[in-house]
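Reader: I am new to this structure and would like to know what stands behind the words used to describe it. Could you take me through them one at a time?

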Amino acid sequence: KIFKSIYISFSKTEEKSTLDCNIFLKKQKKMYYRIEAEGTNSSGNYGTSINFKFGNKNTLKGAENFNFKFKGALETRKNLNSNESFFNIWEAGGETSLKIPRLISPISIKNIKSPNTNFTFSFIKQQRPDFTRSILKTTLFGYNFKSYKNFTHFLNLIELSYVKMFNESENFQEEYLSNQLLQNQYSDHLITGSSYTIIYNNQKINKLQNYSFIKGKLEMSGLSTNLLANTFKFEQDNNGNYTLFQNRFTQYIIGEFDLRRYFVINKENILVIRTYFGIGYPYNNSDQIPAQKQFFSGGTNGVRAWNPFSLGPGSYQNSENNIDYFLGDIKLESNIEYRFPLFKLGSYKMKGAIFVDSGNIWYMKEREEQPGSQFEKDFISEIAIGMGVGFRYDVNLLILRLDLATPLREPYKINNTNWVKNPLNEIMNGNLNLNIGIGYPF
C-alpha cells in the first residue's frame with residue numbers, strides 16, 4: 001500500500017550473458033483524508049451519518065500505515081417505548097489502527113518475510129430509547145509474518161473485547177431478550193486473551209498441481225487476568241467470581257484445526273476434501289464459553305442442508321420450532337466437493353459443483369433444556385449429512401455463489417432411523433436449503 005504501481009523490465013546488455021533489471025515505482029500519496037455523508041431510509045426509518053477518515057502511510061518515516069476513522073450517526077426508529085422524538089437513536093465512535101512493517105519485539109526472529117506489527121483500537125457508544133451500549137475492542141502487539149516453506153503466522157498477544165449495557169427498559173428485555181440470538185448480542189461481557197494461528201498453504205498459483213491448506217489456531221482467555229486478580233484481590237460477585245470493570249471476565253481455551261486437500265484434475269475441474277475440528281473448554285472464572293466464541297453448524301460455509309445455527313447440538317430435536325439458534329463447545333465437520341465448468345454466461349463463466357457435507361456440534365456437558373446435547377463416545381451416530389448442487393458465476397474479481405442442499409441424514413431418529421427415507425420426494429416437496437455467498441466455501 002506504499003506504491004501505486006510497480007513495473008519491472010529486463011533489457012539485454014552488451015554482454016550476452018547478463019541482463020539489466022529496471023524497477024519503476026510510482027508512489028501513492030503519503031497522507032489522505034476523506035469525508036463521507038450518508039442518508040438511509042429503511043422501512044420508513046430515516047437516518048443520516050457522517051464519516052471522517054484520515055490516514056498516513058509513512059507515519060514514523062518507515063512505511064508505517066496509520067488509519068483513523070470517526071463515525072457519527074442519527075436515526076429515527078419505531079421503538080418499544082413509543083418515544084415521539086424524531087431522531088431517537090444516535091451512535092458515535094472511532095477506530096484507529098497502526099500497521100508497522102517490522103516486528104516490534106524483544107525477541108529476534110530470523111528468516112521471515114513480510115513481517116508486520118499491528119495495533120488496533122475502537123470504541124462505539126450507542127444510545128437508543130430502550131438501552132444504551134458501549135463497545136470497546138482492541139488488539140495490542142498483533143504480529144503476522146511468513147516463514148520457511150509456505151507457513152504464515154498470526155500472533156495476537158493482547159486482545160480485549162468489552163461490552164456494557166445500560167438503562168435497559170422492561171419492554172426491551174421482554175421483547176428482545178426472549179430471542180437467544182439477540183440475548184447473546186445484547187449482554188455484558190469482558191473477554192481478555194491471546195491467540196496464535198499458523199497456516200500452511202503450498203498452492204502454486206501458476207502451476208496445475210495438487211495442494212494442501214492446513215490451519216491451526218489456539219486461543220486462551222483470562223490466564224494473565226486471573227493472575228492479576230489473585231495478586232491484587234479483584235472484586236468478586238455473589239458467586240465468588242472475579243470481576244473487572246464491573247464485569248465478570250472469561251477464562252477458556254479454544255483449539256481449531258482445518259485441513260483441506262485440493263486435487264487438481266485440470267484447470268476447470270477440482271475435487272476438494274475438507275475436515276474441520278474445534279473444541280473449547282471453560283474453566284475457573286467461567287461456567288461456559290462466551291456465545292461470541294462458541295461454535296455453530298450449518299450455513300453457507302458448513303453443512304449447507306441446514307441454516308446457520310440450526311443444526312444440533314448432538315441428537316437434540318427442536319420440537320418447539322420457535323428457537324432456531326444453537327451453539328456448542330465442540331464442532332466436527334467434513335465436506336467433499338467436486339467443481340466443474342458449465343457454460344459461458346455473458347462475458348464470464350458459470351461453474352457448477354456437487355457436494356456432500358456432514359457434521360454437528362455438541363456441549364461438553366449435557367444441558368437440561370437440550371437433552372442429547374452432550375459429546376459422548378457414540379457421537380458418530382449423531383452426525384448429520386446433507387448433499388446438494390451449486391452454481392458459481394465467476395466474474396474475475398469475485399465469485400457469486402448459490403448452493404442448494406437437502407438433508408440425507410438427521411442427527412436424531414425419526415421413525416427409528418436417522419436416514420431420510422426418500423430424499424427425492426423431499427426435494428420435490430421443496431425441502432431444499434438455499435445458500436447465497438461470495439467466493440468458494442473453502
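Author: Let us begin with two terms: strands are DSSP runs of E with at least two residues, and helices are runs of H or I with at least four residues, both numbered from the N terminus, while two strands pair if DSSP finds at least two bridges between them. This is a predicted model, in which local features need pLDDT of at least 70 and side-chain atom pairs count only at pLDDT 80 or more, whereas totals for chains, interfaces and linings use all residues. Residues are numbered from 1 along each chain as its sequence is written, and side-chain values use heavy atoms, with hydrogens and water left out.

Reader: What makes β10 and β11 a pair of strands?

Author: Strand β10 (residues 189-201) and strand β11 (residues 211-221) run antiparallel and are joined by nine bridges, and since the rule asks for at least two bridges, they count as paired. In one of these bridges serine 195 has glutamate 219 in β11 as its partner. Strand β11 is also joined to strand β14 (residues 252-264), again antiparallel, by 11 bridges, and there serine 212 stands opposite arginine 261.

Reader: How do you know which strands β7 pairs with?

Author: Strand β7 (residues 113-128) pairs in the antiparallel sense with strand β6 (residues 89-100) over 11 bridges, and serine 97 has threonine 120 in β7 as its bridge partner. With strand β8 (residues 131-147), β7 pairs in the antiparallel sense over 13 bridges. Lysine 113 is bridged to lysine 146 in β8, and a hairpin of two residues joins β7 to β8.

Reader: Why is phenylalanine 213 called buried?

Author: Phenylalanine 213, which has its place in strand β11, has a relative accessible area of 15%, and buried means under 20%, exposed over 50% and partly exposed in between, with a 1.4 Å probe and protein chains only, so phenylalanine 213 is buried. Leaving aside neighbours within four places in sequence, phenylalanine 213 is in contact (heavy atoms within 4.5 Å) with residues including Ile199, Asp258 and Tyr262.

Reader: What makes tryptophan 362 and phenylalanine 375 an edge-to-face pair?

Author: A pair of aromatic rings is described by the distance of the centres and the angle of the planes. Rings of Phe, Tyr and Trp (its six-membered ring) pair if their centres lie within 6.5 Å, and planes under 30 degrees apart count as stacked, over 60 as edge-to-face and the rest as tilted. By this rule there are 18 aromatic pairs. For tryptophan 362 and phenylalanine 375 the values are 5.3 Å centre to centre and 80 degrees between the planes, and the pair is edge-to-face. Tryptophan 362 lies in strand β17 (residues 348-362) and phenylalanine 375 in the loop between β17 and β18 (384-394), so the pair ties together parts that are 13 residues apart in sequence.

Reader: Why is the pair of tryptophan 362 and phenylalanine 379 called edge-to-face as well?

Author: The ring centres of tryptophan 362 and phenylalanine 379 are 6.0 Å apart and their planes stand at 85 degrees, so this pair is edge-to-face. Tryptophan 362 has 0% relative accessibility and therefore counts as buried, whereas phenylalanine 375, at 29%, counts as partly exposed.

Reader: How do you know that arginine 367 lies over the face of tyrosine 363?

Author: A charge sits over a ring if NZ of Lys or CZ of Arg is within 6 Å of the ring centre and within 35 degrees of the ring normal. Arginine 367 is placed over the face of tyrosine 363 at 4.1 Å from the ring centre, and lysine 331 over that of tyrosine 276 at 5.2 Å.
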